[in-house]
Amino acid sequence: MRHLRGTSRGVHAGRGPRPHRVPDSAAPGRVHRGGPPVSHCISVAHSFETAHRLPHLPGKCESLHGHSWWAEVTVTAPRLAAGMVVEFGPFKSALRRWIDDHLDHGVMLGPDDPLVGVLRQHGTKLYEVTGWPTVENVAAMLAEVAAEQLADIVRAPGSFVSSVVVRETAVNRAAWTAP
Ligand SMILES: [Zn+2]
């Protein structure tokens, strides 16, 4: 039993990081052979049932009404760290928790909406979206939230929230993309 299987060649012995692997973060540029540099993206999605209204727009959106919203947040990194852009678990739970706590089964209104005071008085779960709660503004708001959460999570160097897509109905959606 002088040679345990594999250990004499430096093959992973079951403890700690695999010694034969070069950390991805050390790989320069992640370039396709002969091609341009590439980047890596991951996306997490969540849905929420939330009311809103757009009283500044004449038409049916003036009335308080609800949608089954769906949001997808994408994070991009120029190179991977430990094979990842970001660890899915913590990022997904942080994003989903925030949406569940602040939006799900609540109401999104613009700060100037006179319903804000009334609904708060009655204990309604309410989130004020800068401007008005259009699908475009909801996407921008979620981009800000996701960026704050990403800052607290282990992630690849240079990773950032690159896009947020929000759908309010099966046929209406808006995308926010990083400038
Ligand atoms: Zn609507």
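## A loop proline in a predicted model

Pro78 is found in the loop that runs between strand S2 (65-77) and helix H1 (88-102).

Although Pro78 and Val38 are 40 residues apart in sequence, their C-alpha atoms are 6.9 Å apart in space. When residues up to four places away in sequence are left out of the count, Pro78 touches Ser39 and Gly158.

## Overall make-up of the chain

The protein chain holds three helices and six strands, and from the N terminus on these elements follow the order β-β-α-β-α-β-α-β-β. Of its 179 residues, 24% count as buried. Among the contacts in the protein chain with a separation of 6 or more, 61% are made by residues 24 or more positions apart.

## The sheet and its strand pairs

The six strands form an open sheet, in which the order is S4-S3-S1-S2-S5-S6 and the pairing is mixed. S4 and S6 are the edge strands, each of them pairing on one side only, and from one strand to the next the twist averages 30 degrees.

Strand S1 (residues 40-52) runs parallel to strand S3 (residues 106-109), and three bridges join the two; Thr50 has Gly106 in S3 as its bridge partner. S3 is in turn joined by three bridges to strand S4 (residues 126-128), again in the parallel sense, and here Leu109 stands opposite Glu128 in S4. Between S3 and S4 the chain passes through helix H2 (residues 115-121), and this β-α-β crossover is right-handed. Elsewhere in the sheet, S5 and S6 pair over five bridges in the antiparallel sense, with Ala175 in S6 as the bridge partner of Val165.

## Helices on the sheet

Helix H1 packs on the sheet and touches S1, S2, S3 and S4, its direction making about 15 degrees with that of S1. Helix H3, by contrast, lies across S2, S3, S5 and S6, and runs at about 145 degrees to S5.

The length of H3 can be checked against its residue count: at 1.5 Å a residue, its 17 residues should span 24 Å, and the end C-alpha atoms are 25 Å apart, which agrees. The buried residues of H3 are Val135, Asn137, Val138, Ala139, Met141, Leu142, Ala143, Ala146 and Leu150. These buried residues pack against S2, H1, S3, S5 and strand S6 (173-177).

## The nonpolar core

The largest nonpolar core has 27 residues, and those with the most contacts inside it are Val73, Ala139, Leu142, Ala146, Val164 and Val166. Two or more residues are given to this core by each of S2, H1, S3, helix H3 (135-151) and strand S5 (160-167), and H3 gives the most, with eight residues.

Which residues does Leu142 touch, not counting residues up to four places away in sequence? The contacts of Leu142 on that count are Ala71, Val73, Val164 and Val166, and three of these names, Val73, Val164 and Val166, also stand among the residues with the most contacts inside the core.

## Two loop residues with positive phi

Most residues other than glycine have a negative phi, and against that background two residues of this model deserve a look. Ala82, which is not a glycine, has a positive phi near 50 degrees. Ala82 lies in the loop between S2 and H1, the loop in which Pro78 is also found. Ala82 counts as exposed because it has 12 C-beta neighbours inside 10 Å, and 12 or fewer is the cut-off for that class.

His105 likewise has a positive phi, of about 55 degrees, although it is not a glycine. The place of His105 is in the loop between H1 and S3, and His105 counts as exposed because it has 11 C-beta neighbours inside 10 Å.

Notes: Residues numbered from 1 in each chain as written. Predicted model: local features only at pLDDT ≥ 70, side-chain atom pairs only at ≥ 80, totals over all residues. Pairing = 2+ DSSP bridges. Helix = DSSP H or I, 4+ residues; strand = E, 2+ residues; numbered from the N terminus. Right-handed = clockwise from strand over helix to strand, strands pointing away. Contact = placed C-beta atoms within 7 Å. Core = buried A, V, L, I, M, F, W, Y, C linked by C-beta atoms within 7 Å. Buried ≥ 20, exposed ≤ 12 C-beta atoms within 10 Å, placed from the backbone. Expected span 1.5 Å × (residues − 1). Axes fitted to C-alpha atoms, helices over the stretch in contact; angles between N-to-C directions.
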